[in-house]
Amino acid sequence: MQKQKQRLWLPPGPRKLPIIGNLHQIGAVPHQSFAEMSKKHGPVMLVHPGFVPKLIVSSADAAKELLKAHELDSCGRPPLTGAGELSYNYLNVAFTAYGDYWRVMRRLYVIELLSIKRVQSFRFIREEEVEFLIKSISEFSKLGTPVNLSEKLISLTADVTGRVAFGKSFKEREYEYFGADFEEEIHEAVVMLGNFAAADFFPYCGWIVDRITGLHRRLERNFKKLDAFFQKVLDDHLCSGRRITEEEHEDIIDVLIKIGKYETASGTEKITHNHIKAILMDIFLGGSHTTAISMAWAMAELAKNPRVIKKAQEEIRNSAVVKENWRLQPPGTLLAAREAITRFNVSGYTIDPKTQIQVNVWAIWRDPNAWENPQEFYPERFLDSPIDFKGQNYEFLPFGSGRRICTGVHKAVAVVELTLANLLYCFAWKLPEGMTEEDICMEEEAGIAVQKKVPLKLIPVEYQCSSESKMYKVAVYLYLNAKHHITCKDINITTVRRILERVFA
Ligand code: HEM
């Protein structure tokens, strides 16, 4: 046994201190600390926050080896404290260990809840909510005052997700009361999932530290608030007398309740209320904030780059802007933590089972070996380029890769593209009085999804051109994208016609 251990060639990494390991070297924004460390120790590096070894992968080649050659070996998820608390003890898909349960639940997502067909069927929701957003921004345009775009985009995605998940937006009477509070709790959960909990790195005694620091209490409070809300929407669905009218449409809770009635998804695992609430947690934590955050970054990058914004508005080629934004500011800077299932090698180094693994995509996308002028926001690099986000281009993995790739890609792309197209074609954007492009703060706030530390505020200026030509531009954009964009299949000539009909009515 001793002999076998000596033959292992573990990845290099920073020297660790007794007990705390490398914790003192990991700053408030961990992907930046890891990027700095890997400049010295290489793209396959082992760090030790506390007692737990964590593999950090920071090059496209090593990511390819890990996520392609060792796809199955590396697709576990570590049982982290925050993830367990917020997922009803790992009943969701995102945080659950690899195995039969994950397989059944993921199939449910892919086939029933987030399929292209289902995303298409919710098109009217996206369109109505984006229209509402544009109208509310127009009010600021009339007054000539800055609009807090970060806030508006968070409300937009919460409303879209709410209507998809439980049939109501937060603007509606039943849930209006929860609105801002709920968005705050989702924000809190996203931040806490990115926090280091002592229990995760000091297996036997860390929980005591978490109680002293208050992290445990914060997590419990956050979970209780979210749980109370999810229970309320579930109860509303279960109350007798609920009928799905033609206008109401079947939402995700309806689908889950229906499946639950037919026993279980697998035949072995019953769909309980906790399963349904864990799925809602996935959809809100994984899908609502990430999408809003990524649009706020895109608008900030565009506001900093008048050349690009003008080009995007003139040429109707937004999908390149969306990709470039996901390259420079990925919401998941460190892909969601994986766990090694077996022992395997990456770049010749031995990775032991149970090692936590994180791919630092933020570092890969700033790597001059992978990208020319990586720091520059230059959407043209994606024009006529075969690189997409389906997890096969290892220098660009905004949604991850392999069997644990994001289940919400279609939903995210549909919302982001439609919203950005409307924001760009309905308004010109000005900086608030006395501000220059350099003053736009691009500082990051850590979390499972990394967001702008300072909310983005811009002044919308409605175009003088007629609303017909504005809408026509959006319609043409959507139509062009339907032809050229593989993931936006739901946008077709009928949508274009519908928009045009509405405009000319
Ligand atoms: C811009 C928006 C989004 C981004 C950037 C994003 C990114 C990611 C990433 C990086 C992962 C980890 C993949 C890996 O481990 O290889 C992931 C997983 C996941 N995402 Fe997303 N996501 C987004 C939107 C959504 C939406 C809209 C939903 C659902 C409505 C969603 C649900 C999930 C789930 C359930 C997983 C876990 C999959 C598994 O472990 O099997 N995401 N996402």
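Helices here are DSSP runs of H or I with at least four residues, and strands are E runs of at least two, numbered from the N terminus. The model is predicted: local features need pLDDT of at least 70, side-chain atom pairs count only at pLDDT 80 or more, and totals for chains, interfaces and linings use all residues. Residues are numbered from 1 along each chain as its sequence is written.

Select 215–238 for α13 and 273–287 for α15; their axes come within 10 Å and cross at roughly 115° (lines fitted to C-alpha atoms over the stretch in contact, with angles from 0 to 180 degrees between N-to-C directions). The two helices are therefore roughly perpendicular (65 to 115 degrees).

Next, show the side chains: Leu226, Asp227, Phe230, Gln231 and Leu234 of α13 meet His273, Ile276, Lys277, Leu280 and Met281 of α15 (contact means C-beta atoms, placed from the backbone, within 7 Å).

Finally, pick out the open antiparallel sheet, ordered β3-β11-β8 (strands pair if DSSP finds at least two bridges). Its edge strands are β3 (147–148) and β8 (427–430). Two bridges join β3 to β11 (457–462), and Asn148 stands opposite Lys457 in β11.

Conventions:
Parallel < 35°, antiparallel > 145°, perpendicular 65-115°, else oblique. Contact = placed C-beta atoms within 7 Å.
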